[in-house]
Amino acid sequence: MTSTETHPAPPTAPTTAPSPARPAAGDRRRWYALAIVMTAAFMDLVDVTIVNIAIPSIQRDAGASFSQIQWITAGYALAFAAGLITGGRLGDIHGRKRLFLVGVAGFTLASALCGFAVNPEMLVASRLLQGAMAALMVPQVLSIVHATFPAHERGKVFGLFGAIVGLGAVSGPLLGALLTQWNLFGLEWRPIFLINLPVGVVAFLLGRRFITESRAPRALKLDLVGVALVTLGLLMLLYPLTRGRELGWPLWGQLSMAGALVVFAALVAYERRKGARDGSPLVELSLFRVKSFAAGIAVQTVFGLALGIFFLVWTLYMQTGLGWSPLRAGLTGVPFSIAVSTAAGLSVQKLVPRFGRGVLQAGALVMALGVLLYLAESERYGLGIAPWQMALPLIVMGVGMGLIVAPLTDAVLSEVPREHAGSASGLINTVQQMGNALGLGLVSVVFFGVIDDGLTPAQVGPAFVHAFQHALGWVAAVLGAIFLLMFALPRRPAQHMEGAEPALPVEKEPELVR
């Protein structure tokens with residue numbers, strides 16, 4: 001699952017020339033444009049969840065190692081995280097429509113390369129490319145919506161976007177399970193990527209016709225050095241973390257992880273100087289002086305870490321440990337997805353306006369309770385556990401997650417100065433994806449780290465079940481840490497006060513280009 005990605009790079013100054021008007025209220029083209037960008041957002045959301053369910057099939061058919069399996073998922077998250085802010089800035093400079101179309105075309109091409117990958121190495125490289133192209137495509141979605149629709153219509157539009165997120169959460173695992181189970185044309189797991197081809201082609205052709213071009217009146221410059229330092233630091237941390245167990249935790253890996261801290265320190269120093277010099281840093285460090293934002297960034301990062309661990313080990317537990325088919329595993333996850341979508345809608349519309357921060361904290365505790373229930377059920381029934389015995393823990397977990405994911409962004413942004421809302425939104429999404437990538441890297445420690453090498457076929461099931469239970473303990477502990485971090489969030493986010501307008505991804509009017 002992914003959270004709703006928002007536009008990361010707002011313009012910084014108004015233009016001196018008058019901006020053309022938005023599309024007229026009666027112009028149907030804007031609704032066609034909305035359908036197109038929502039389809040692309042849905043394609044990205046599904047692509048994350050659809051892959052998880054097919055991981056065991058990829059491992060068997062392509063002969064991928066456990067570390068390669070981690071990189072098939074973590075590589076996408078890493079490339080996506082590293083490119084989100086850059087993608088937003090490029091859209092500001094060169095036009096959101098143009099970058100959206102480039103992203104859609106690149107994402108479609110990368111999906112084809114994934115689907116026709118001849119070995120695990122090609123699949124990992126193609127997933128990295130796919131994540132990079134998603135980073136060009138996704139930041140433009142809400143920017144295009146903002147440029148195309150007047151303020152009084154955006155509430156309805158963002159409601160539709162939330163529904164798309166929920167639909168992606170529910171349909172991704174099921175679609176992945178069906179496509180893998182059906183083994184269309186003997187292609188095994190490959191259709192989970194190839195299904196993007198017709199969708200991407202149609203989105204590209206219709207996008208050229210119906211989306212109106214827009215760009216920032218005065219866009220920030222690209223901070224390529226900042227992007228390079230972020231990417232280098234993450235690679236130095238994640239690569240040895242992912243490969244460490246397989247290679248026996250070599251000295252170079254430990255030095256690389258320690259060196260990553262030096263790179264991140266250099267990033268902070270460089271961003272501080274760049275902000276003072278030309279006002280266009282990759283990371284707006286002044287945001288971290290806002291207590292609620294700093295705490296919220298920590299929450300987003302740690303929450304992404306927990307999700308990164310859980311979803312990968314959950315799939316391996318059901319299909320490799322319990323020996324279930326992809327379809328059975330996918331159907332088992334339906335109660336979880338429905339609970340997330342239902343609780344997310346309820347939390348935003350009913351609960352947060354009344355109870356504020358307590359809803360998010362309750363979500364962390366409820367989700368931790370669900371994890372502990374799942375742990376207890378797994379220990380009680382072992383290899384004989386049935387899907388219906390997982391239903392209650394998954395529903396409890398889903399309710400807890402839904403109470404967190406929907407209102408968290410607004411809570412984090414509630415005390416951020418409006419002129420920095422766009423940069424803050426992009427940073428939130430970036431760190432969540434980074435946390436997800438880190439969580440996927442930690443799977444080698446909290447899951448594979450307790451599995452012995454050279455297992456016999458009879459030992460695989462019990463070993464994977466035990467490793468899953470061990471990983472659940474870590475997830476529950478992380479959720480406890482999230483609960484404590486949430487005390488630094490504002491008691492009642494300003495966006496949810498009666499009559500307040502929700503935070504928008506772009507705070508100044510974009511320039512429309514006909």
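Mentor: Start with the whole chain. Of the 514 residues in the protein chain, buried residues make up 59%. The model is a predicted one. Its secondary structure comes to 16 helices and two strands. Among contacts in the chain with a separation of 6 or more, 85% join residues 24 or more positions apart.

Trainee: Which angle and distance describe the packing of H13 and H16?
Mentor: The angle is about 165°, and the axes are 9 Å apart.

Trainee: Why is H13 called roughly antiparallel to H16?
Mentor: The cut-off for roughly antiparallel is an angle over 145 degrees. H13 and H16 pack at about 165°. Therefore H13 is roughly antiparallel to H16. The crossing of H13 past H16 is left-handed.

Trainee: Which residues make that contact?
Mentor: From H13 they include Ala-364, Val-371, Tyr-374 and Leu-375. From H16 they include Phe-468, Leu-472, Val-475 and Ile-482. The residues of the contact of H13 with H16 divide into 16 nonpolar, three polar and one charged.

Trainee: What makes H10 roughly parallel to H13?
Mentor: Helix H10 spans residues 291-321, and helix H13 spans 357-381. Their axes cross at roughly 25° and come within 14 Å. Angles under 35 degrees count as roughly parallel. So H10 is roughly parallel to H13. H10 passes H13 in a left-handed crossing.

Trainee: Which residues of H10 and H13 meet there?
Mentor: H10 brings Phe-303, Leu-307, Phe-310, Trp-314 and Tyr-317. H13 brings Met-367, Tyr-374 and Ser-378. By class, the contact of H10 with H13 has seven nonpolar residues, one polar and no charged.

Trainee: How many aromatic pairs does the structure hold?
Mentor: It holds 19 aromatic pairs.

Trainee: Why is the pair of Phe-311 and Trp-314 called tilted?
Mentor: The ring centres of Phe-311 and Trp-314 are 6.2 Å apart, and the planes stand at 55°. Centres within 6.5 Å make a pair; planes under 30 degrees apart count as stacked and over 60 as edge-to-face, with the rest tilted. So the pair of Phe-311 and Trp-314 is tilted. Both residues lie in helix H10, three residues apart, about one turn of the helix. Phe-311 and Trp-314 are both buried.

Trainee: What makes the pair of Tyr-374 and Phe-468 edge-to-face?
Mentor: The planes of Tyr-374 and Phe-468 are at 75°, with 5.3 Å centre to centre. Over 60 degrees counts as edge-to-face. The pair of Tyr-374 and Phe-468 is edge-to-face. This pair links distant parts of the chain: Tyr-374 is in helix H13 and Phe-468 in helix H16, 94 residues apart.

Trainee: How do you know that Tyr-374 is buried?
Mentor: Buried means under 20% relative accessible area. Tyr-374 has 0% relative accessibility, so Tyr-374 counts as buried. Phe-468 is also at 0%, so Phe-468 is buried.

Trainee: Which residues form one aromatic cluster?
Mentor: Phe-66, Phe-447, Phe-448 and Phe-464 do.

Trainee: Why is Glu-188 called partly exposed?
Mentor: Partly exposed lies between the 20% limit for buried and the 50% limit for exposed. Glu-188 has a relative accessible area of 28%, so Glu-188 is partly exposed. Glu-188 sits in the loop between helix H5 and helix H6. Its phi is near 55°, a positive value in a residue other than glycine.

Trainee: What makes Trp-249 partly exposed?
Mentor: Trp-249 has 35% relative accessibility, so Trp-249 counts as partly exposed. Trp-249 lies in the loop between helix H8 and helix H9. Phi of Trp-249 is positive too, near 50°.

Methods
Residues numbered from 1 in each chain as written. Predicted model: local features only at pLDDT ≥ 70, side-chain atom pairs only at ≥ 80, totals over all residues. Heavy atoms only, no water. Axes fitted to C-alpha atoms, helices over the stretch in contact; angles between N-to-C directions. Helix = DSSP H or I, 4+ residues; strand = E, 2+ residues; numbered from the N terminus. Parallel < 35°, antiparallel > 145°, perpendicular 65-115°, else oblique. Left-handed = near helix turned anticlockwise from the far one by under 90°. Contact = heavy atoms within 4.5 Å. Nonpolar A, V, L, I, M, F, W, Y, C, P; charged D, E, K, R; others polar. Buried < 20%, exposed > 50% of the residue type's maximum accessible area, 1.4 Å probe, protein only. Phe/Tyr/Trp six-rings, centres within 6.5 Å; stacked < 30°, edge-to-face > 60°.
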